[in-house]
Amino acid sequence: MGLLNATAADPRELIDKHGEALSDGETVYFVYKTVRDYIAFTNWRVLYINVQGLTGSKREYLTVPYRSITAFSIETAGTFDLDAELSIYLSGHDAIEFKVGRNADVRALQSFLAQKLDR
């Protein structure tokens, strides 16, 4: 996956547009959105939704169970930086990398991922 420029989004937006991709009992904790794509962190997995084509009718749903994440890094925004950067390294797949706006709560996401990888 390339480097995506994302902003924090409301989980309800993801549920409204792509709720069919979620399982019963799945809770969405963090959502980041590019122009059309989403990356969501749920209680069970990381879900990357890649909307393709001119009309957006073609979609790819990539599910990454937390057990497949081998490492992650978060680089917070500095004084003059506009974005923070997150990289998630996967077993058997390309890394997922994206930038989020400086106002995103990357500390909470870091804590969440650390907890999920600790199991």
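This is a short talk on the fold of one protein chain, given from a predicted model.

Read from the N terminus, the order of the elements is β-α-β-β-β-β-β-β-β-α. Along the principal axes, the C-alpha atoms occupy a box of roughly 40 × 35 × 25 Å. How does the radius of gyration agree with that of a compact globule? For 119 residues, a compact globule would have a radius of gyration near 14 Å, and the chain has 14 Å, so the two agree.

Of the 119 residues, 41% are buried. The chain exposes about 7,000 Å², and carbon and sulfur atoms supply 47% of that area. Among contacts with a separation of 6 or more, 39% are between residues 24 or more positions apart. As for charge, there are 13 positive and 16 negative side chains, and the centres of these two sets lie 3 Å apart.

Strand β2, residues 28–33, runs antiparallel to β3 and is joined to it by 5 bridges. In this pair, Lys33 stands opposite Tyr38 of β3. The two strands form a hairpin, with 4 residues between them. Strand β3 also pairs with β4 in the antiparallel sense, over 4 bridges. Here Phe41 is placed opposite Val46 in β4, and the hairpin formed by β3 and β4 has 2 residues between its strands.

We continue along the chain to the next hairpin. Strand β4, residues 45–52, and strand β5, residues 58–65, run antiparallel and are joined by 8 bridges. Ile49 stands opposite Tyr61 in β5. Between β4 and β5 there are 5 residues, and in this turn Gly53 has a positive phi of about 80°.

Strand β6, residues 69–75, pairs with strand β7, residues 83–90, in the antiparallel sense over 6 bridges. Within this pair, Ser73 has Ser87 of β7 as its bridge partner. Strand β7 is also joined by 7 bridges to strand β8, residues 93–101, and these two run antiparallel. Asp83 is found opposite Gly101 in β8. The hairpin of β7 and β8 has 2 residues between its strands, and Gly92 in the turn has a positive phi of about 80°.

Is Asn50 buried or exposed? Its relative accessibility is 18%, and therefore Asn50 counts as buried, the cut-off for that class being under 20%. Leaving out residues up to four places away in sequence, Asn50 touches Asp37, Lys58, Arg59 and Glu60.

Ser87, already mentioned as the bridge partner of Ser73, lies in strand β7. Ser87 counts as buried because its relative accessibility is 11%. Which residues is Ser87 in contact with, leaving aside its neighbours within four places in sequence? They are Ala71, Phe72, Ser73, Ile96 and Glu97.

Glu20 lies in the loop between α1, residues 11–18, and β2. With 55% relative accessibility, Glu20 counts as exposed, a class that begins over 50%. Residues up to four places away in sequence aside, Glu20 touches Arg59 and Tyr61. Tyr61 is the residue of β5 that stands opposite Ile49. The C-alpha atoms of Glu20 and Val100 are separated by 25 Å, and these two residues are 80 residues apart along the chain.

Thank you for your attention.

Key
Residues numbered from 1 in each chain as written. Predicted model: local features only at pLDDT ≥ 70, side-chain atom pairs only at ≥ 80, totals over all residues. Heavy atoms only, no water. Pairing = 2+ DSSP bridges. Rg over C-alpha atoms; globule rule 2.2 N^0.38 Å. Buried < 20%, exposed > 50% of the residue type's maximum accessible area, 1.4 Å probe, protein only. Contact = heavy atoms within 4.5 Å. Areas by Shrake-Rupley, 256 points an atom, 1.4 Å probe, with all protein chains shown as cover. Lys, Arg positive; Asp, Glu negative; His and termini not counted. Charge placed at Lys NZ, Arg CZ, Asp CG, Glu CD.
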